[in-house]
Every structure is written in C-alpha cells, then in structure tokens.
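Work through the exercises below with the structure open beside you, and try each task before reading its solution.

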Amino acid sequence: MKFLFELMLTMLMIANGSSGEPITKQEILNYLKTQHLQYAEVKIVSNQSALLVDVNGENATASILTKSPDNKLIMQPYQYAWEEDEEGISVQKLGDYLAIVIHDKALSHDMDFVNIVYMDESGVERKDRYYFKGKQAIVIPIPLQQRYLVVAIYGNDGFIHDMVKQIF
C-alpha cells in the first residue's frame, strides 16, 4: 500500500497541476472544516496537491488532497498508515518528504524541534532545524540525494530521541 501511496504522490507532484488555480492553505483549512476533518499537519507539496498527516493514538496516517482543473478539492482514495515506535514517535518517508509525528505517548515531552543531519554533495555535514510550534506532526522536505539521515527530536523537558533513517 505504501508503494501505491508514494506512486500517487510522485505522479501528482510531477503533473503539478498545470491548469486551474493553485491550491492554498486557506482553501484546505476551509475544506477540512466543512468536512469536519482535523489533521495534525497540512503541507502543500505542489500547485495542485497537499499532504495531510493525522495522528490517532499510536497510529498515524497520510492522505493526499488535490485540486481539480475545475478548482474542486478532492481527497484521494489511498491512505498510508504506520505506527509509533517504543517511545511514541514515528518518522516516515512519504515521497520526497519526511513526516515526523509525536504520538500521544510522547506528548508529555513538549517537543520543540527536530534536527536533520546529513552530508551535502561536497561531503560537508549539514544540519537543518525545524520547529514543531505546538503541532503534533511536521512534514519536511528530504534533502536531495540522501541515502541516510540522522533525525534528532528534542523536547523542552530535556528529552532527546535520535535515529538514523534510511532514505531510498
């Protein structure tokens, strides 16, 4: 199922919606409100599509919302689901993006930020920092041409969760 989900996400990003108006964050939020849906993170990944991540206890799901050429928002039929690790955190590759999810078990750590450490094309170590800003999930772009990333998540209570994530 993950293969189908990533294939659809990749195809939507390649197609990049050449007709119609680009999708906006406000349109997505209005759609979710109208449909009585809530997501932990919404990330626009192309002119016509967004990646939505939801957290429900120890499970997380990713969905794709697209904007049709006639400017209607459509939730795609495929979802991808995964579970938390033993500490209540999950890191999942979704196409060219990485979803970092804080499940209920780890909420008490009040996560602040995540560092993504990798080697650039010159062999120099790089570190990108992304802040949770009170959200339970964030979706970030994967640095280009990386096979492995070090993902280090920091809580405001001194908690640190780090892992090596294989990407390819």
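This is a predicted model: local features need pLDDT of at least 70, side-chain atom pairs count only at pLDDT 80 or more; totals for chains, interfaces and linings use all residues.

**Exercise 1. Which residues of helix 2 are buried, and which are exposed?**

Solution. Begin with the buried residues of helix 2 (25–34), which include Ile 28, Tyr 31 and Leu 32. Next, consider their directions: they cover an arc of only 95° around the axis, and therefore they lie on the same side of helix 2. Finally, look for what covers the buried residues, and you will find that the cover includes strand 1 (41–46), strand 2 (49–56), strand 3 (59–67) and strand 4 (73–75).

**Exercise 2. Find where Gly 20 is placed, and decide whether Gly 20 is buried, partly exposed or exposed.**

Solution. First locate Gly 20, which sits in the loop that lies between helix 1 (2–15) and helix 2. Its relative accessibility is 40%, so Gly 20 counts as partly exposed, because that label covers values between the limits of 20% for buried and 50% for exposed. Gly 20 and Asp 70 are 50 residues apart in sequence, yet their C-alpha atoms are 6.2 Å apart in space.

**Exercise 3. In what order do the four strands of the open sheet stand, and which strands stand at the edges?**

Solution. Write down the order first, which is 9-8-11-12, with antiparallel pairing. Strand 9 (125–131) and strand 12 (160–166) each have a single partner strand, so they stand at the edges and one side of each is left without a neighbour in the sheet. On average, and with direction ignored, neighbouring strands of this sheet are turned by 20° against each other.

**Exercise 4. Which residues touch the most other members of the largest nonpolar core?**

Solution. This core has 19 residues, and the ones to name are Leu 98, Ile 100, Ile 116, Val 151 and Ile 153. Then ask which element contributes the largest share, and the answer is strand 8, with four residues. To finish, follow Val 151, whose contacts include Leu 98, Ile 100 and Ile 116.

Note on methods. Residues are numbered from 1 along each chain as its sequence is written. Side-chain values use heavy atoms; hydrogens and water are left out. Two strands pair if DSSP finds at least two bridges between them. Helices (H or I, at least four residues) and strands (E, at least two) are DSSP runs, numbered from the N terminus. Axes are lines fitted to C-alpha atoms, for helices over the stretch in contact, and angles run from 0 to 180 degrees between N-to-C directions. A nonpolar core is a set of buried Ala, Val, Leu, Ile, Met, Phe, Trp, Tyr and Cys residues joined through side-chain atoms within 4.5 Å. Buried means under 20% relative accessible area, exposed over 50%, partly exposed in between (1.4 Å probe, protein chains only). Contact means heavy atoms within 4.5 Å. The arc is that of the directions from the helix axis to the C-beta atoms. Lists of a residue's contacts leave out its neighbours within four places in sequence.
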